[in-house]
Amino acid sequence: MPPIRNLVVIFGDQLDLESNALQAFDPARDLIWMAEASGESTHVLSHKVRIAYFLSSMRHYAEELRARKYSVEYTKLNAENNSGDLGRELQTALRKFTPERVVAVEPGEYRIEQMLLATTKHAGAPLDLRPDTHFYCSRDVFAQWAKTHKQLRMEFFYREMRKKSGVLMEKGEPVGGRWNFDVENRGTFAKTGPAKTLKPPHSSPPDKITREVIELVNATFPSHPGSLDHFDLPVTTAQAEAALKDFVHHHLPDFGAYQDAMWTDQPFLYHSRLSGAMNLKLLNPRRVVMAVEDAYKRGHAPLAAAEGFIRQILGWREYIRGIYWTQMPKYIDSNALHASEKLPDLYWTAKTDMECLRQTVGHTLDYGYAHHIERLMVLGLYSLLFGVDPVEIHKWYLAIYWDAVEWVEMPNVIGMSQFADGGLMSTKPYAASGKYIDRMSNFCRNCRYKPAESIGEDACPFTTLYWDFLLKHEKLLSKNPRMLMQLKNLARLDAGKRKAIKHQAQLHREQTARGNY
Ligand SMILES: Cc1cc2nc3c(=O)[nH]c(=O)nc-3n(C[C@H](O)[C@H](O)[C@H](O)COP(=O)(O)OP(=O)(O)OC[C@H]3O[C@@H](n4cnc5c(N)ncnc54)[C@H](O)[C@@H]3O)c2cc1C
Ligand code: SF4
């Protein structure tokens with residue numbers, strides 16, 4: 001074998017056909033290295049869909065590279081001698097090929113970056129670590145922005161991103177005269193639910209490679225949560241672009257209005273289901289933003305829908321990544337509310353009388369998917385109010401969603417949903433009672449609890465735990481002007497009611513720990 005000049009390392013969430021790592025690649029002297037490692041699926045108990053999604057996308061990507069005449073060294077999960085550990089596999093490759101240098105794009109995850117740095121250093125292989133151009137905002141530019149801002153609010157970051165990118169801008173001003181149409185993004189469905197014309201999301205039926213992966217995952221990880229019965233996710237760039245086109249045509253116009261709404265047996269509603277394809281870099285966020293902006297300009301989608309969607313990508317997604325890289329590695333230790341409860345079993349089983357949790361955990365187990373408001377205002381809310389240890393709930397989210405990669409999962413969980421960072425990201429905790437869920441969904445109509453009740457047989461556990469949360473953290477929250485209204489309502493509770501709520505919350509925690517709710 002001729003000596004290798006560059007060993008180009010590509011990880012499972014870097015499946016970008018225009019990757020910076022591929023620039024100046026010479027098939028005669030360079031080699032791409034990819035490996036499947038079972039440890040990446042077991043360090044958290046990954047959902048079968050998440051595992052299959054990564055493996056199938058990686059295999060398709062390697063095929064596409066070969067078709068484009070790149071030379072690729074690829075280790076499959078079930079290859080003989082595969083140690084199952086990504087770091088060890090890379091060590092073996094470095095010993096085997098002794099390249100002049102290793103080329104890689106900045107990894108998405110802190111743990112992987114540390115592994116890459118340590119492994120190449122140990123092998124004495126110089127590392128050419130290139131910036132990840134998939135994102136609009138580089139790590140350095142975000143770090144600079146963070147240094148010059150006392151409060152790291154998404155809204156201010158988002159406005160700068162709009163100005164810099166020129167997206168939905170006209171002569172230096174936001175199109176429509178406002179930066180944000182958030183107030184128009186909170187619609188709910190009539191009693192009859194979503195329109196009968198609502199289409200299911202775009203489907204990419206499994207091909208031969210995916211079918212083999214499904215078989216492999218079922219055989220290798222039989223005790224992992226979830227099932228692969230519904231697997232139809234886009235595993236190539238072409239499929240992801242078809243899914244984007246389908247979303248823009250069928251769902252974008254109503255995305256804005258129903259972004260926060262939830263409904264029984266409707267996991268997807270008007271959401272795009274594009275997160276995983278973007279996170280694995282099959283789909284470039286610029287393509288997504290351009291397609292949505294174009295739909296607005298063509299008059300296909302209203303401004304509130306287009307802006308609401310673009311805010312998620314150009315704003316939230318970029319901001320969340322910046323938060324992750326400026327806060328790691330200490331971010332995972334955040335626990336401002338001193339939460340220490342174990343994660344209730346129902347998160348793995350969906351076995352509960354609480355209809356909202358039964359539905360949303362059910363969607364999650366069935367599809368490895370739940371939309372944002374289900375993740376934030378049902379699953380995350382219950383954990384926040386219950387007082388689950390942030391590391392426990394973080395591990396659950398990282399394991400259970402097909403789109404879970406740590407840089408996006410962790411700030412959403414630790415910061416946005418659990419307020420464990422004490423307000424670095426959010427101005428106040430996303431704490432609400434069962435009445436919020438009642439307003440935004442039909443779940444309470446099919447539930448044995450009553451969202452307005454906080455004590456007694458029929459009390460909604462969310463409502464009980466909500467008041468208990470405010471009582472427990474009253475002192476800390478009283479320093480927060482945005483909590484004023486909620487604390488004013490708390491002040492109206494007399495001593496007897498406070499005692500009864502605390503008692504009921506305690507009872508609920510004990511019964512949940514025994515699996516009885
Ligand atoms: C507790 C919690 C955990 C989450 N974990 C993940 C995760 O592991 N991986 C992940 O990709 N997203 C995560 N999110 C963000 C968001 O919920 C998902 O991106 C979204 O539900 C994916 O479905 P979709 O593609 O249909 O999104 P849509 O509703 O169609 O939104 C469009 C796109 O906007 C982006 N987006 C929307 N909200 C966010 C956000 N808060 N942060 C970053 N990007 C956002 C996504 O790329 C998404 O595909 C989490 C949110 C919460 C509250
Ligand atoms: S009543 Fe409470 S537990 Fe039941 S669905 Fe509504 S919010 Fe959930």
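A residue is counted as near a molecule, and so as part of the shell around it, if one of its heavy atoms lies within 4 Å of that molecule. The model is predicted, with local features needing pLDDT of at least 70, side-chain atom pairs counting only at pLDDT 80 or more, and totals for chains, interfaces and linings using all residues. Residues are numbered from 1 along each chain as its sequence is written, chains are lettered from A and ligands numbered from 1 in the order in which they are written, and side-chain values use heavy atoms, with hydrogens and water left out.

**Figure 1. The surroundings of ligand 1.** Ligand 1 is surrounded by 29 residues, of which H271, S272, R273, N279 and Y369 are the closest. Polar contacts are pairs of N or O atoms within 3.5 Å. An oxygen atom of ligand 1 is 2.7 Å from a polar backbone atom of R273, and an oxygen atom of the ligand is 2.7 Å from an N or O atom in the side chain of Y369. A nitrogen atom of ligand 1 lies 2.9 Å from a polar side-chain atom of N412. Alone, ligand 1 exposes 820 Å², and the protein buries 99% of that (accessible areas by the Shrake-Rupley method with a 1.4 Å probe). Two or more residues of the shell come from each of α10 (275–279), α12 (303–327), α15 (372–386) and α17 (406–417); helices are DSSP runs of H or I with at least four residues, and strands are runs of E with at least two, numbered from the N terminus. By class, this shell has 15 nonpolar, nine polar and five charged residues (Ala, Val, Leu, Ile, Met, Phe, Trp, Tyr, Cys and Pro count as nonpolar, Asp, Glu, Lys and Arg as charged, and the others, Gly among them, as polar).

**Figure 2. The surroundings of ligand 2.** The residues around ligand 2 include the cysteines C356, C444, C447 and C460, together with M354, E355 and Y449. Helices α14 (355–367) and α18 (434–440) each give two or more residues to this shell. The shell divides into ten nonpolar residues, one polar and one charged.

**Figure 3. The largest cavity.** On a 1 Å grid over the protein atoms alone, a cavity is a set of points where a 1.4 Å probe fits but cannot get out, and lining residues have an atom within 4 Å of a point. There are eight cavities of 30 Å³ or more, and the largest holds about 380 Å³ of space. Its lining has 25 residues, with G12, D13, E40, F54 and L86 closest to the centre. Helix α2 gives the most to this lining, with five residues. The lining comprises 13 nonpolar, five polar and seven charged residues.

**Figure 4. The salt bridge between K96 and E73.** A salt bridge is a side-chain nitrogen of Lys or Arg within 4 Å of a carboxyl oxygen of Asp or Glu. The whole structure has 26 salt bridges. In one of them, the side chains of K96 and E73 meet at 3.2 Å, N to O. K96 belongs to helix α3 (residues 86–97) and E73 to strand β3 (residues 72–75), and the pair, 23 residues apart, links distant parts of the chain.

**Figure 5. Backbone details in two loops.** The peptide bond from M328 to P329 is cis, with omega near 10 degrees. P329 is placed in the loop between α12 and α13 (346–349). N81, a residue other than glycine, has a positive phi near 70 degrees. The loop that holds N81 runs between β3 and α3.

Note on methods. A polar contact is a pair of N or O atoms within 3.5 Å; within protein, one must be able to donate a hydrogen and the other to accept it, and residues adjacent in sequence count only if both atoms are side-chain atoms. On a 1 Å grid over the protein atoms alone, a cavity is a set of points where a 1.4 Å probe fits but cannot get out, and a pocket is an open set with protein on both sides within 12 Å along at least five of seven lines; lining residues have an atom within 4 Å of a point. Grid points are joined across faces, edges and corners, and a volume is the space filled by probe spheres set on the points.
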